[in-house]
Amino acid sequence: MVRSTSVGEISATASADRRDQPNHELPEFLGWFGALWALSTFFHLAANSQHLLAVSGIGLLQIGMVVGAGLMLVRPCWPVAGGLASVSLLVLWLKLPVVGNHEIILGLVNLSILIAVGRRRGSWIGDAVPAARLVLLFSYGFIAFSKLNSAFFDPSVSCAVVFGDEFGRWFGLRVSGRTILQGLVIYATATVELAIPVLLVVRWTRRYGVALALGFHFFLALEPVGHVWDFSSVLQPLILLFASPAVHRRLDRWWDGWLARSRDERLLIVALSIAAQCVVVVAGWPAWLVASPIWLLIGGFVLWPVLAVATRPGRFGSLGEPLAIRWWRPVGPAAVVVGLASMIGIAPYTESRSAAAFNMYSNLQVADGVSNHLLVRRPLTRSTEPLVSVVEAPADSPLDFYVERELAVPIRNLSRYHVDRPSDLATVEIDGEVVSVAAAVSGQPSGTGGILAPVRYKLGFRRAVDLSAPAQCLRSWGPAG
């Protein structure tokens, strides 16, 4: 008999009914989705542990995330799912706007789960899954779309080449400077990322889209230093929601095998894994030493049945048939998250937001009324906020970051920076005039006052821009964004 869990509230009868209906959307899912979602939280925190190390307010809340994710693996239930989603969303809000694309995707999934828990509690996965599928399609679609810009296809600055060098370094291979390799990584990345959402939408290509997406992101995650594995871990459970019933049955069996262990055994395994990661982080060793191998083990374990279905669908009989999906069931959670995902994805093309807007590592540059996107040639709307170039900065000034990289900073960002560091002696150019930072921001709003100031700062933040052509790949944040 299939073990019943409080995550999905699925009985053995429901599992039998599901096997008899291979061409219809599964009525519910067992706990593998909740488990992989919890694991993606672990991997995200393992790769981004700066707040935990600082024992800040955010760090203390992240400890709650660790506890919640652990409980989802030891004793899954809807109160734990709701609690983990709630704390994760609070942490996301506090961290904004300095967050990555994968954190926004994870946040939208957490919102879907929180809404679903409020609606159906014990059967929350049934409500969360349709919304989570759409989160993947919209977010991934915007990420792929953002790469259709002239700079991404320029080998001298393309983020694909930058990441290719980082990946190739592990194998003694240098991508930059080699025309064939540069073209390969650029066009292969763009082609695969653009193809994945399309393949997932079309029913008869869905199994191939799942295999391509999981295989592509598993391959990228083989390089541990660049933190790609935490991004891949967030995508994994969402991609698997498009997999065939054959894959879901295999995942169900694995999850049931895990739950068949005693609770104490599960608790010990989870606690030892967390403790090992804590030792690595506290000792100052590379954060990936523990977390990345665990991810590769789980990722490879999950990838095998997906590849089996894609390459030999007949092996599983009718269960190898593609999954029929009712996209908008239920409408409520799906409509909310799709609306948010759409606003986030469109924001860079309106000059209203460029931080955590499904455009990271894409070379996309939309600023000062000009766009380097091949299809969106000009911004849909234009910001009136001036951009300031940092001309010169003392060696001890954080603003030297922008001098070295020749980046321009939105005036509001510089005003906020000046509030915290009023004695900075850097000089900047604004409206053709070279002045001190203090003179440049004089009379300019800093965005630090008023009730709505935090909301504008978090939801309308624009990062520094490279006004030269082609736009360089921005890998890191400066002191003013």
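**Cavities and a helix pair**

Author: By class, five nonpolar, five polar and two charged residues make up the lining of the second largest cavity, and please keep in mind that this is a predicted model.

Reader: What volume does that second largest cavity have?

Author: The volume of the second largest cavity is about 110 Å³, and the structure holds five cavities of 30 Å³ or more.

Reader: Which helices supply its lining, at least two residues each?

Author: For the second largest cavity, α4 (57–74), α5 (78–95) and α6 (101–120) each give at least two lining residues, and the largest share, five residues, comes from α5. Among the lining residues are Met65, Ser88, Leu89, Glu103 and Asn110.

Reader: At what angle do α5 and α6 cross?

Author: Their axes cross at roughly 140 degrees and come within 9 Å of each other. The crossing of α5 with α6 is left-handed.

Reader: And which residues of α5 and α6 meet there?

Author: On the α5 side they include Trp78, Ala81, Leu89 and Leu92, and on the α6 side they include Ile104, Gly107, Leu111 and Val117. The residues of this contact divide into ten nonpolar, five polar and two charged.

Reader: Changing topic, how much space lies in the largest cavity?

Author: About 350 Å³ lies in the largest cavity, which is lined by 24 residues, with Ser354, Asn359, Leu364, Gln365 and Leu474 nearest its centre.

Technical notes
Residues are numbered from 1 along each chain as its sequence is written. This is a predicted model: local features need pLDDT of at least 70, side-chain atom pairs count only at pLDDT 80 or more; totals for chains, interfaces and linings use all residues. Side-chain values use heavy atoms; hydrogens and water are left out. On a 1 Å grid over the protein atoms alone, a cavity is a set of points where a 1.4 Å probe fits but cannot get out, and a pocket is an open set with protein on both sides within 12 Å along at least five of seven lines; lining residues have an atom within 4 Å of a point. Grid points are joined across faces, edges and corners, and a volume is the space filled by probe spheres set on the points. Helices (H or I, at least four residues) and strands (E, at least two) are DSSP runs, numbered from the N terminus. Ala, Val, Leu, Ile, Met, Phe, Trp, Tyr, Cys and Pro count as nonpolar, Asp, Glu, Lys and Arg as charged, and the others, Gly among them, as polar. Axes are lines fitted to C-alpha atoms, for helices over the stretch in contact, and angles run from 0 to 180 degrees between N-to-C directions. A crossing is left-handed if the near helix is turned anticlockwise from the far one by less than a right angle, and right-handed if clockwise. Contact means heavy atoms within 4.5 Å.
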